[in-house]
Amino acid sequence: GDRYELTNGHSIYCAPIGGDGAGRAGIAYEVLATDPAVTEAGVDPGYRQGPKDLRAPDVGIGNVPDRPGWISGAPELAVEVAGSGQDEVDLAQKIEELHRAGTRWIWVLRVLPPRRVAVHERDRPMQTFGLDDVLTAPGVLKNPVTVRSLFEREAGHEAALRNLLQRMGYDGLEAVRGEGREEGREEGREEGREEGREEGR
């Protein structure tokens with residue numbers, strides 16, 4: 001219940017996320033958790049890599065079982081929100097430990113301007129992406145994710161809506177509208193046929 005993580009048995013205090021970061025963590029969870037390929041996701045999930053290592057990314061995608069206690073292993077994709085006061089030394093160590101435990105991607109949302117995402121992929125150099133760029137996580141996410149959708153609420157809602165519609169079998173909002181238009185046309189045709197039959201009688 002304490003606000004501490006452990007690395008090699010040493011406690012690390014995890015301060016609450018500031019207002020600017022908390023909103024981004026919520027948006028990121030909404031966008032990623034609704035992806036059609038995602039079956040498990042969580043906010044602040046705690047992972048145990050051993051008796052001396054306990055780590056909790058801000059958002060975890062994959063390996064978030066619905067049971068109490070710390071989770072063994074690591075998420076497939078982790079999101080960290082870095083704002084003012086971020087301990088960069090601890091963040092670098094956390095990234096290294098999550099990679100070592102099996103996390104393939106760690107997306108660090110840099111909320112201070114210029115807003116961007118630093119992508120740490122295991123065994124590859126870090127890359128930085130701006131608001132107009134697109135992120136992918138093959139094998140974990142079905143859909144590409146715009147960086148903008150991780151920072152801006154409206155863009156995030158649009159991405160989550162697309163994901164939810166795909167989960168229900170639609171390609172997107174236009175497909176739903178098209179189905180509605182076709183149903184309306186068919187209803188109109190049927191009403192016209194019925195009126196014609198009635199007039200004939």
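**Salt bridges and burial**

Guide: Start with R110, which is buried at a relative accessible area of 17%. Buried means under 20% relative accessible area, exposed over 50%, and partly exposed in between (1.4 Å probe, protein chains only). This is a predicted model, in which local features need pLDDT of at least 70, side-chain atom pairs count only at pLDDT 80 or more, and totals for chains, interfaces and linings use all residues. Residues are numbered from 1 along each chain as its sequence is written, and side-chain values use heavy atoms, with hydrogens and water left out.

Visitor: Which residue forms a salt bridge with R110?

Guide: Side chains of opposite charge can pair when their charged atoms come close. The criterion is a side-chain nitrogen of Lys or Arg within 4 Å of a carboxyl oxygen of Asp or Glu. R110 pairs with E88, the closest N and O atoms being 2.6 Å apart. R110 lies in strand β9 and E88 in helix α2 (residues 88-101), so the pair ties together parts that are 22 residues apart in sequence. Helices (H or I, at least four residues) and strands (E, at least two) are DSSP runs, numbered from the N terminus. E88 is partly exposed, at 38% relative accessibility.

Visitor: How many salt bridges does a search of the whole structure find?

Guide: The search finds nine. One of them joins R124 and E121, with the closest N and O atoms 3.6 Å apart. R124 is exposed at 54%, whereas E121 is buried at 14%.
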